[in-house]
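Dear colleague,

Please find below the structure that I am handing over to you. My notes on what was found in it follow directly after.

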Amino acid sequence: MKSLICTTLLVETSPQGLPLGAACIASALKADARTKNAVSVSLIDFSLEDDEIISAKKSGGDDAIAQFLANQLASKKPDFIAFSVYVWNRLILEKTCTTLKKMLPNSICIAGGPEVTADPLSFHSFDFMISGQGERAMVELVDSLAKGKKIDIQGVYTASAQSGAQTNEIARACPLPPDMTASPYLDGTLDPSKYGGALWELARGCPFKCSYCYE
């Protein structure tokens with residue numbers, strides 16, 4: 001069985017700073033019939049408030065943090081690593097991926113999250129980038145990779161797609177309907193007590209379409 005790690009670097013450890021995006025992807029993979037018996041999925045998150053991260057920051061800045069993260073992830077020897085990328089962790093996670101690929105050259109690194117949704121073709125370290133909500137696209141991508149099928153999934157981009165592509169050509173992944181979305185709280189992927197509680201969001205996204213915002 002292949003192994004997959006969903007990971008992110010949180011800005012803080014709090015009910016507002018828990019890894020909900022990465023956890024939702026992990027739960028989607030665990031719940032879907034195409035992947036639940038094909039990959040072993042785990043969630044490993046880090047925080048800028050972790051003592052090890054603070055120590056690495058003091059000793060060598062972002063490069064040292066990236067090396068620490070890569071060491072931690074590589075020790076698990078995953079076949080797939082899915083990164084949830086935000087504005088506060090983008091540079092570090094890109095460095096982490098570059099370092100990790102040297103340690104585990106056969107591993108496949110996938111990036112998603114707000115930063116990727118905004119501009120997936122601006123990323124160069126990862127093997128695949130998913131723009132938009134990733135629960136459906138991630139399952140289809142992992143299933144295709146596991147079966148050696150051609151990757152032709154809406155919202156999924158590769159480094160080779162970067163040349164000649166225009167921003168207005170970017171398509172986001174097809175979202176899952178709410179009633180088909182697995183809960184990381186109900187399946188045990190997330191333990192709210194680790195983060196001091198849970199922030200319960202009653203809506204996803206925003207009904208407005210302001211030109212300066214990609215949410």
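A salt bridge is a side-chain nitrogen of Lys or Arg within 4 Å of a carboxyl oxygen of Asp or Glu. By that criterion, K149 and D143 are joined by a salt bridge, with 3.6 Å from N to O. K149 is partly exposed, at 43% relative accessibility, whereas D143 is buried, at 5%. Salt bridges with shared partners link D143, K147 and K149 into one network.

Please bear in mind that this is a predicted model. The mean pLDDT of the chain is 92, and 95% of its residues reach 70 or more. Confidence is highest in β3, at 98, and lowest in helix α4 (residues 114-118), at a mean of 93.

How many salt bridges does a search of the whole structure find? The search finds eight. One of the pairs is E94 with R90, whose closest N and O atoms are 3.4 Å apart. Both residues belong to helix α3 and are four residues apart, about one turn of the helix.

I turn next to the nonpolar residues. In soluble globular proteins, nonpolar side chains tend to be buried together. The largest nonpolar core here has 29 residues, and L69, F83, L100 and F126 have the most contacts inside it. At least two core residues come from each of β1 (2-10), β2 (39-47), α2 (51-74), β3 (80-84), α3 (90-103) and β4 (108-112). The largest share, nine residues, is supplied by α2.

Apart from neighbours within four places in sequence, its contacts include T7, L73, L93, T96, C97, L100 and F126. Among the others are C109, I110, A111 and G112. There is also a second, separate core of 23 residues, which includes L4, A28, I110 and V139.

Finally, which residues make the nonpolar surface patch of about 280 Å²? The patch is made by V11, V87 and W88. V11 is located in the loop between β1 and α1 (20-31), and V11 is partly exposed, with a relative accessible area of 40%.

Yours sincerely,
A colleague

How values were computed: Residues are numbered from 1 along each chain as its sequence is written. This is a predicted model: local features need pLDDT of at least 70, side-chain atom pairs count only at pLDDT 80 or more; totals for chains, interfaces and linings use all residues. Side-chain values use heavy atoms; hydrogens and water are left out. A nonpolar core is a set of buried Ala, Val, Leu, Ile, Met, Phe, Trp, Tyr and Cys residues joined through side-chain atoms within 4.5 Å. Buried means under 20% relative accessible area, exposed over 50%, partly exposed in between (1.4 Å probe, protein chains only). Contact means heavy atoms within 4.5 Å. Patches are made of residues with over 30% relative accessible area and no salt bridge: like charges are joined within 9 Å, nonpolar side chains (Val, Leu, Ile, Met, Phe, Trp, Tyr) within 5 Å. Accessible areas come from the Shrake-Rupley method with a 1.4 Å probe; for residues, only the protein chains shown count as cover. pLDDT is the predictor's confidence in each residue, from 0 to 100.
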